[in-house]
Amino acid sequence: MASDADMSGWTDLLHSSSKLIEQAAPSAQFPALQRNLDQLEALSKKLKAKTLRTEAPSQSIAATRLLAREGLNAEQLAHDLKSFELKTTFEDVFPAEATTVEEYLQQVHEMAMVSAVQEAQKDNLRSFNDYMMSVLEEDWKKEKRDFLQSLNRISTLPRTNVRDSSSGIGRHGQIVPMISSPGGSSGASSAEAALLANKPVIEKKAAAYAEVVKNLNNAREHGLPFKPAAAFRYAYESLRLDSSGAKSVSMLKIWHLITTLTGEDPTARRNISKRMSLVMGARRHLEWGHDKYVMDMIHSHPAQAALGGAVGNLQRIRAFLRMRLRDYGVLDFDAGDSRRQPPIDTTWQQIYFCLRTGYYDDALGVARASRVSQQFTPLLAEWITTGGMVSVETAAAASEECEKILRMVDRVGRPSYDKKKLLLHGIISGSRKLIDRLLRELPTIFSTIEDFLWFMLSAVRDGSGSSYPSGVLNGGVPPYSLEDLQAYLNKFEPSYYTKNGKDPLVYPYVLLLSIQLLPAVLHLSKDSGDDGCSVDSVHISIVLADYGVLPEGSGSGQKHGVMDALAEASSIIRQYGAAYLRHGDLLMALEYYVQAAAAVGGGQLSWIGRGNVDQQRQRTLMLKQLLTEILLRDGGISLLLGSRGDGEEGQLGRFLTDGKSRHQFLLEAARQCQNAGLYDKSIEIQKRIGAFSAALDTINKCLSEAICALSRGRLDGESRISALIHSGNEILETFKYYPDISPQERANLMEQQTVLRQLEAILAIHKLARSGNHIDALREVARLPFLPLDPRAPDMSADVLKNLSLHVEACVPVLLKEALNCLDNVADKDGSLRALRAKIANFLANNLNRNWPRDLYEKVARSL
């Protein structure tokens, strides 16, 4: 029924619109009606058919129909709306209801506050956009700079400015002050500091470390005491590179660890095995770090620490406990009334944190002064005295006490023991079974990895020590070993320690603390970041190899032997030195090559010849190999041998002090130069060591090859030949004034002088023939004393070539070809030329077994 009513209403409206069209009068207010609804609908359908591709939404069509129904022009209305402007009136801002002064002021205040807030929002938004744009620009500049530095890293890697007074060779680069001690480093000038600040981190490290390497080599060479780990640490500190921020481990911290591992700190023990020395060094580093942490906490919370004017170690630990145990109220050492039961007994806490911070004497003093630790005191005293290597009986007593402690529970079955007491007895027991149980039942007992590692390193026992000859404790329980700790740590991926790369140095730090030295160095050497950790790894290798501790730190599960570990470190150092060699800095390459050879030879002991025989042999072989590598470079001879002599005045005399060794080394180097085709270097080396006959033999060989090449038309042969002849004559002149020439050497030199003169005669004939003086050339051929080509002399059937040098024999075919060419260009007036041709033919017939060119025989056959 509703639809019928709508249809009837629509029909009525349509009928009314038709009448309105007829009756409507023009009006100024509204536009004239020209069409009825039927016409409008027809026209709209026609328009819709034309504009199907850009059909307006249904709402827009409905609005257009409504406007048309009311007689309004939609286009005119849209045009008017574009120029429409709304203006606020006084009533819009201040409503008319505000009839009193108070209301008016209140409205003015509100509007002022709203306007101020809006303006502040606009300013904040604009400032935020400006700040974000500046940050974006800075990030872009940093990315661009890092990208360019990564492209240029190879070219900027190791460069130093080194000038050696003995060799007179200068290298360009940055001059870095020599650093040998914390007090002896001289501050750089402001200009040098500004220049250093603009250099990449890798280049800064390379320059600073290079000075330390030079000082180390100089000290080892002269038998002077030198602490390389401390020197590298001071060099790193001088660069002021550590801005680690949120990172827990910095390279400076790693260098401090290397210092304690190698025993350069004054508290190192000397009467223990090398492995336990490393373990105790790692433990001392962790104690140093905790001492620093305790002092930082005291300085950060002076009121809670209540240290006052006390400066003793025990007072610092108690101040630290006041902050750590602040929720427990008054502690026992602060209780004024001795008759009052204190809320907590801190004896075990004091002993533990004294040991954790390295205050061993104070820990023993607390144990002796307290009633609750009387039985523990002798155990602790023995552990401190023996450096952790307690007797089997003491370890068994501590293990038994641990078992009792673990059985202590309260009424509801919860543990009621002091955890620090348990840890202290666990350290002294050194039982693998007990420590595994602690890790299993108390996984959260350690708040940091440093605390965990300190406990584990304190419990480690040296299985090779005399305290445990059978490798087990009382009852057949094996002691906790360093391999057990390494195996436990290696269960986790490196990303677990580095927090997925956010703290990248934590993993190598953990490896070093667990005495996995070689894996730590290899991990650092693979770093390719801008921090230059690969440069640090090279110099850490130098320190560890110098002290000979790398074989002890090959890592758990590794298959590295003694020589394998040393060879790995030597390879890292050698590759780094090769970078200097590629950049032309031969002197710094030499310094690192010497360290590479020392590393494979056992480090510091190899400098004084106290390494084992195999290591000494390996060091000598590598040193000679690396020195030869430098010698073959441009400038290598002047660097190693100096301006004259066999190297006593050059760098070679530093490392091969024995003259006989230098002579043998240089002979072998000259032989290698010949094999590599470096004849000029070979001749120079042979002249330096007085091997004049060998040098002249090399010149004759080169001269023979040059004559043969000249006959084949090489244009540069003449200049080469002139230089060789001059060098040969120079050797002969030097030989006259050289002392201590053996008879054998003198005889060999005379033979080589004869060869040189024979080659000069062949060369003279060649020049005459090429200049067109054929008769003179043939006359010289007939006069040659070493060939039977004189037409007036009787024929000789003997093999005259067997007495000739191989260098001269190689030139005979060339000589015969030139003679035949001359014969073809000269008329035979008296028959002498025919006789010479016959001599040549007979000579060739007598030497058919020689491997001479075939065209030579064909040429003789044609001439006959």
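Predicted model: local features only at pLDDT ≥ 70, side-chain atom pairs only at ≥ 80, totals over all residues.
Residues are numbered from 1 along each chain as its sequence is written, and side-chain values use heavy atoms, without hydrogens and water. Local features need pLDDT of at least 70 and side-chain atom pairs pLDDT 80 or more, whereas totals for chains, interfaces and linings use all residues.

**View 1. Overall fold of the chain.** The secondary structure comprises 42 helices and zero strands; helices (H or I, at least four residues) and strands (E, at least two) are DSSP runs, numbered from the N terminus. Of the 864 residues, 43% count as buried, meaning under 20% relative accessible area with a 1.4 Å probe and protein chains only.

**View 2. The largest nonpolar core.** This core has 161 residues, and I258, I351, L380 and Y592 have the most contacts inside it. Helix 28 (residues 586-600) gives the most to this core, with 13 residues. A nonpolar core is a set of buried Ala, Val, Leu, Ile, Met, Phe, Trp, Tyr and Cys residues joined through side-chain atoms within 4.5 Å.

**View 3. Surroundings of I351.** Not counting residues up to four places away in sequence, I351 touches A363, V366, A367, S373, F376, L380 and L424, where contact means heavy atoms within 4.5 Å.

**View 4. Helix 35 (residues 692-711).** Helix 35 is largely enclosed by the rest of the structure, because 15 of its 20 residues are buried.

Methods
Buried < 20%, exposed > 50% of the residue type's maximum accessible area, 1.4 Å probe, protein only.
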